[in-house]
Amino acid sequence: MRVQGLKVDLPYLLDSKSECPPLFNGTTRRPILHMILSPYSQCVKIALNYKGLDEIECLAISLNDKPTWYVEKVYPVGKVPALEHNGKVKGESLDLLVYIDQEFGGPNMTPTEEDKKDAAAELLKYRSTFVEVWLKALGFHDATPALLEEVLAPIFNHLENAFRNYASEGPFILGKFSMVDIAYVPFIERAEISFSNANYDIMAGRPKLAKWIEAMNTIDAYTSTKLETIGAVYIWEAIVVSC
């Protein structure tokens, strides 16, 4: 699923030779993101876009040549994404989705209905299982569609069943667009790219997943972050091939 003739316009990466940007100045709101390939960072970028937080500056960290100051001065855990706000640094993409929704203005990403709150909590917790299986499948060499279906069917069927609970309200996971959609879409985007190259269609037999992907492609906050949009599909493919 290669993009032909698409200009690659990647942001400047801060690496071991880069100076530490100004931090903790009392006004800066600065997420430190690896925006090119990290699905976790993409989650946060989608949330920032959706809430219209253009004033928050996004910086891209090189994970292969990580600056020492990032671990020493910014985020000792060393992972991305991380958000510097009010003199503190917070990390973990799911925690950041909640924090951004609570601390900043813009459209609400959290469902208000009690049943949907419970459903959202379950699905956000399930994402770790989804990612674990997804990564396992990415590591297969010369996998057949049958093997991929055997491994991936449980996680994609779990989502397909989740769609059914609120299908009457809309095409999104909880009917209406929410942070649950944001939490999953970067991983499903990469799954669609990677596994289609192995002749495995993640949407086959899953009409609600297909409808959801179609609906997500109408959300500008997401489409502006897609690998295809930023010209990085070929980079992702190369990484998957080398796994």
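Is R206 buried or exposed? The answer is given in point 4, after the conventions and the first two pairs.

1. Basis of the note. The structure is a predicted model, in which local features need pLDDT of at least 70 and side-chain atom pairs count only at pLDDT 80 or more, while totals for chains, interfaces and linings use all residues. Residues are numbered from 1 along each chain as its sequence is written, and side-chain values use heavy atoms, with hydrogens and water left out.

2. Salt bridges, and the pair D101 and K51. The structure contains eight salt bridges (a side-chain nitrogen of Lys or Arg within 4 Å of a carboxyl oxygen of Asp or Glu). One of them is formed by the side chains of D101 and K51, at 2.9 Å from N to O. This pair connects distant parts of the chain, 50 residues apart: D101 belongs to helix 3 (residues 93–103), and K51 to the loop between helix 1 (39–50) and strand 3 (59–61). Helices (H or I, at least four residues) and strands (E, at least two) are DSSP runs, numbered from the N terminus. D101 is buried at a relative accessible area of 9%, and K51 is buried at 5%; buried means under 20% relative accessible area, exposed over 50%, and partly exposed in between (1.4 Å probe, protein chains only).

3. The pair K79 and E92. A salt bridge also joins the side chains of K79 and E92, at 3.8 Å from N to O. The two residues are 13 apart and link distant parts of the chain, with K79 in the loop between helix 2 (68–74) and strand 4 (82–85) and E92 in the loop between strand 5 (88–91) and helix 3. K79 is partly exposed, at 47% relative accessibility, and E92 is partly exposed at 39%.

4. The pair R206 and E149. In the salt bridge of R206 with E149, the closest N and O atoms are 3.3 Å apart. R206 lies in the loop between helix 6 (179–196) and helix 7 (207–216), and E149 in helix 5 (residues 145–164); the pair links distant parts of the chain, 57 residues apart. To answer the opening question, R206 is buried, at 2% relative accessibility. E149 is partly exposed, with a relative accessible area of 31%.

5. Helix 4 and helix 6. The axes of helix 4 (residues 114–138) and helix 6 come within 10 Å and cross at roughly 15°. Helix 4 is therefore roughly parallel to helix 6, a description that applies to angles under 35 degrees. Axes are lines fitted to C-alpha atoms, for helices over the stretch in contact, with angles from 0 to 180 degrees between N-to-C directions. Residues in contact (heavy atoms within 4.5 Å) include L123, F130 and W134 in helix 4, and A183, F187 and F195 in helix 6.

6. Backbone features. Most residues other than glycine have a negative phi, and most peptide bonds are trans. V80 and P81 are joined by a cis peptide bond, with omega about 5°; P81 is in the loop between helix 2 and strand 4. E92 has a positive phi, near 70°. N199 likewise has a positive phi, near 60°; N199 is in the loop between helix 6 and helix 7 and is exposed, at 66% relative accessibility.

Notes
Parallel < 35°, antiparallel > 145°, perpendicular 65-115°, else oblique.
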